[in-house]
Amino acid sequence: MTTGSSEREAATKENKLILYSYWRSSCSYRVRIGLNLKGLKYEYASINVLKGEQRDPEFLKLNPIGYIPVLVDGGIVLADSFAILLHPFLPHNIHKRAINYQAANIVSSSIQPLQNLEVLKYIEDKVSPDEKLAWAKYHIKKGFTALEKLLKDNAGRYATGDEVFLADLFLAPQFSAATRFHVDMADFPHLARLSKAYSEVPAFQDAMPEKQPDTPSSALVTP
């Protein structure tokens, strides 16, 4: 962990936002986009999940389940991307609000948990190393099929109109993860169009995994 308890206490006294994040975490990626869109400055505290830092006793004081992201705002600790992002990024229109809930929920409950590092490690250990990629691709494509149908008649420039809302913050990181798992976005033309739109927004660009302070140099090397 790059931010210890003493640093956290000092930041708390200053009412400084601290985001506990990992460069490749899609859940953290969502929150980085949201903070960027709101123009909120924050201190980046890296939690290396590959090294198991999410199980460090100091971090577990912030989030007992040991997941990232965690956002600390003075004495307030929010330990879930939904809890952090939900209310600031919902439209007033009740129908659009429902579509945002649906799209975000598909990503957060039917796709992302099934490609999570711990789940893939379990598949690798209990089934076979070859099965984990097929497993991830199956669940991503299943979720994308549903999202393509849900959003194709509701979108504008972004997922539910010409403004960025909750669904967009959940979709963009998932599109990035899909590339990592070799999912062909050509099979999902509407989602591919949204992905391109996100890539042109500075708040999304600055939140990208490869632009984070804990991104390893090896991840920046183009094969």
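# Walking through the model

Visitor: Let's start at His 182. Buried or exposed?
Guide: His 182 is exposed, with a relative accessible area of 56%. Keep in mind that this is a predicted model.

Visitor: Where does His 182 sit?
Guide: His 182 is in the loop between α8 (166-180) and α9 (189-198).

Visitor: What about its phi?
Guide: His 182 is not a glycine, yet its phi is positive, at about 60 degrees. Most residues other than glycine have a negative phi.

Visitor: Backbone again. Where is the cis peptide bond?
Guide: The cis bond joins Ile 68 and Pro 69. Omega there is about 5 degrees. Most peptide bonds are trans.

Visitor: And which loop holds Pro 69?
Guide: Pro 69 lies in the loop between α3 (57-62) and β3.

Visitor: Speaking of β3, which strand does β3 pair with, and which way do they run?
Guide: Strand β3 (residues 70-73) is joined to β1 by 4 bridges, and the two run antiparallel.

Visitor: What joins β1 to β2?
Guide: Another 4 bridges link β1 (residues 17-21) to β2 (residues 43-46). These two strands run parallel. Here Leu 19 has Tyr 44 of β2 as its bridge partner.

Visitor: What unit do β1 and β2 make with helix α2, and of which hand?
Guide: Together with helix α2 (residues 26-37), they make a β-α-β unit. The unit is right-handed.

Visitor: How many residues of β1 are buried?
Guide: 5 of its 5 residues are buried, and the strand is mostly covered.

Visitor: Which way do the residues of β1 point?
Guide: Leu 17, Leu 19 and Ser 21 point one way. Ile 18 and Tyr 20 point the other way. Residues on both sides are buried.

Visitor: New topic, charges. How many salt bridges are there in the structure?
Guide: The structure holds 6. One of them joins Lys 16 and Glu 43, whose closest N and O atoms are 3.9 Å apart.

Visitor: Why does the Lys 16 and Glu 43 pair tie together parts that are apart in sequence?
Guide: Lys 16 lies in the loop between α1 (5-13) and β1, and Glu 43 lies in strand β2, so the pair ties together parts that are 27 residues apart in sequence.

Visitor: How accessible are Lys 16 and Glu 43?
Guide: Lys 16 has 34% relative accessibility, so it counts as partly exposed. Glu 43 is partly exposed too, with a relative accessible area of 22%.

Visitor: Which residue forms a salt bridge with Lys 121?
Guide: That is Asp 125, with the closest N and O atoms 2.8 Å apart. Both residues lie in helix α6 (residues 117-126). They are 4 residues apart, about one turn of the helix. Lys 121 counts as partly exposed, because its relative accessibility is 43%.

Visitor: And what does Glu 124 meet in a salt bridge?
Guide: The side chain of Glu 124 meets that of Lys 132, at 3.6 Å from N to O. Glu 124 is partly exposed, with a relative accessible area of 26%. Lys 132 has 30% relative accessibility and counts as partly exposed.

Visitor: Which residues do shared partners join into one network?
Guide: Arg 157, Lys 196 and Glu 200, through salt bridges that share partners.

Visitor: Now Glu 148. Which helix is it in?
Guide: Glu 148 is found in helix α7 (residues 131-151).

Visitor: What is the nearest side chain of opposite charge to Glu 148?
Guide: Lys 152, at 7.4 Å. Glu 148 has no salt bridge, yet it is buried. A salt bridge needs the side-chain nitrogen within 4 Å of a carboxyl oxygen.

Visitor: So what does the side chain of Glu 148 reach?
Guide: It reaches the backbone nitrogen of Leu 191, at 3.1 Å.

Visitor: What else does Glu 148 touch?
Guide: Not counting residues up to four places away in sequence, Glu 148 touches Phe 188, Pro 189, His 190 and Leu 191.

Visitor: Last one, Gln 174. Where is it, and is it buried or exposed?
Guide: Gln 174 is in helix α8. Its relative accessibility is 1%, so Gln 174 counts as buried.

Visitor: What is Gln 174 in contact with?
Guide: Leaving aside neighbours within four places in sequence, Gln 174 is in contact with Val 107, Ile 111, Gln 112, Gln 115, Ile 140 and Phe 144.

Conventions:
Residues are numbered from 1 along each chain as its sequence is written. This is a predicted model: local features need pLDDT of at least 70, side-chain atom pairs count only at pLDDT 80 or more; totals for chains, interfaces and linings use all residues. Side-chain values use heavy atoms; hydrogens and water are left out. Two strands pair if DSSP finds at least two bridges between them. A crossover is right-handed if, with the strands pointing away from the viewer, the path from the first strand over the helix to the second runs clockwise. Buried means under 20% relative accessible area, exposed over 50%, partly exposed in between (1.4 Å probe, protein chains only). Lys and Arg count as positive and Asp and Glu as negative; His and the chain ends are not counted. A polar contact is a pair of N or O atoms within 3.5 Å; within protein, one must be able to donate a hydrogen and the other to accept it, and residues adjacent in sequence count only if both atoms are side-chain atoms. Contact means heavy atoms within 4.5 Å.
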